[in-house]
Amino acid sequence: MVSLQPPLTNSNTLFYSTLTPPNPFHYFPNLYPKTLNPPPPPLKPPHSLPKIQSILQYNRKPQLAGDTPRVVVITSGKGGVGKTTTTANVGLSLARLGFSVVAIDADVGLRNLDLLLGLENRVNYTVVEVLNGDCRLDQALVRDKRWSNFELLCISKPRSKLPLGFGGKALIWLVDALKDREEGVPDFILIDCPAGIDAGFITAITPANEAVLVTTPDITSLRDADRVTGLLECDGIRDIKMIVNRVRTDMIKGEDMMSVLDVQEMLGLALLGVIPEDSEVIRSTNRGYPLVLNKPPTLAGLAFEQAAWRLVEQDSMKAVMVEEEPKKRGWFSFFGG
């Protein structure tokens, strides 16, 4: 697993003891014998010590790599692995870093991204109304009140069907229309891809030039992820990174779950992030309040922020080996059992 703690440097420069007894000769120099050396100067207060810099250098804004807008599709193939949760949290993390983001919910008839963002009551128009000429594109875009540089765009309303002419070309036209907006070109266009590999999947990946593959460390999810990787490469998407979701270190140590290193070796993809199992995900989903906005932040929220940081700079992380705990020996272990 990947440590979320910042690297330590010289311990002498990081810790300041507030329990050090005062030196009486410092306050009363006449009491100190002249034959001895003068006492050492007092320690500097903690605020003058150098600050700890984390691995991702949060004291600076990440440098945006690539041409804008960067169209990224978030997919998996298997349902229920966390695609929509990843889209919501990574999108808001990018907005908090100062980048303009447009999140497109491409799941026709089963949209959920608006629920996770708490914007379900503000979606009045969708892409279908834009294509039919019933509204303008800016009317269909829902701007988040918490972060004005984050906007949501839904393909259709719940329990509705797309017209027969809607497909990959219509989504390409939509992305081109976002590029020509008067407000300016967004830095990121995130497409929440539906589950499966049918027509909805083909439509969602058509305008994308990058892909984030969300998977969990189980064999069913990995089989679907491997199949989706091949389809993405056939469509011309070569920049594919992976997020391993719902990781539990205790099960990895007990040999009950595959490690992140095993998943990376099986799929052969660059690792964008590792999201630990967190019960706060269900609470944030029901409240319509993404994890990255929680105060204090949770481990899963911090992991999503780190994944967004790497996405900006087109970087990846390295998985580390988690040592397995030795199995408990039974009563007959004395006899070699």
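This is a chat between two colleagues about the predicted model shown above.

Biologist: How many helices and strands does the protein chain have?

Modeller: In this predicted model, the protein chain has 12 helices and 8 strands. Of the contacts in the chain with a separation of 6 or more, 78% are between residues 24 or more positions apart.

Biologist: And what share of the residues is buried?

Modeller: Buried residues make up 44% of the 337 residues in the protein chain. The chain exposes about 19,100 Å², and carbon and sulfur atoms supply 54% of that area.

Biologist: Changing topic, how many aromatic pairs are there?

Modeller: The count comes to 1 aromatic pair.

Biologist: Are Phe99 and Phe188 buried or exposed?

Modeller: Phe99 has a relative accessibility of 4%, which is under the 20% cut-off, and therefore Phe99 counts as buried. Phe188 is buried as well, with a relative accessible area of 0%.

Biologist: What sits over the ring of Phe99?

Modeller: The charged end of Lys61 sits over that ring, 4.7 Å from the centre of the ring of Phe99.

Biologist: Back to H2, what span should that helix have?

Modeller: At 1.5 Å a residue, the 14 residues of H2 should span 20 Å, and the end C-alpha atoms of H2 are 20 Å apart, which agrees.

Biologist: How many residues of H2 are buried?

Modeller: In H2, 13 of the 14 residues are buried, so the helix is largely enclosed by the rest of the structure. H2 is followed by Gly98, which has a positive phi, near 100°.

Biologist: Last topic, what is the mean pLDDT of the chain?

Modeller: The mean pLDDT of the protein chain is 82, and 75% of the residues reach 70 or more.

Biologist: Which stretches have pLDDT under 50?

Modeller: Among them are residues 31-35, where pLDDT stays under 50 and the model has 5 contacts beyond four places in sequence. Over residues 44-56 the pLDDT is also below 50, and this stretch has 18 contacts in the model beyond near neighbours in sequence. Where pLDDT is low, the predicted coordinates should not be read in detail.

Terms used: Residues are numbered from 1 along each chain as its sequence is written. This is a predicted model: local features need pLDDT of at least 70, side-chain atom pairs count only at pLDDT 80 or more; totals for chains, interfaces and linings use all residues. Side-chain values use heavy atoms; hydrogens and water are left out. Helices (H or I, at least four residues) and strands (E, at least two) are DSSP runs, numbered from the N terminus. Buried means under 20% relative accessible area, exposed over 50%, partly exposed in between (1.4 Å probe, protein chains only). Contact means heavy atoms within 4.5 Å. Accessible areas come from the Shrake-Rupley method with a 1.4 Å probe; for residues, only the protein chains shown count as cover. Rings of Phe, Tyr and Trp (its six-membered ring) pair if their centres lie within 6.5 Å; planes under 30 degrees apart count as stacked, over 60 as edge-to-face and the rest as tilted. A charge sits over a ring if NZ of Lys or CZ of Arg is within 6 Å of the ring centre and within 35 degrees of the ring normal. The expected span of a helix is 1.5 Å times one less than its number of residues. pLDDT is the predictor's confidence in each residue, from 0 to 100.
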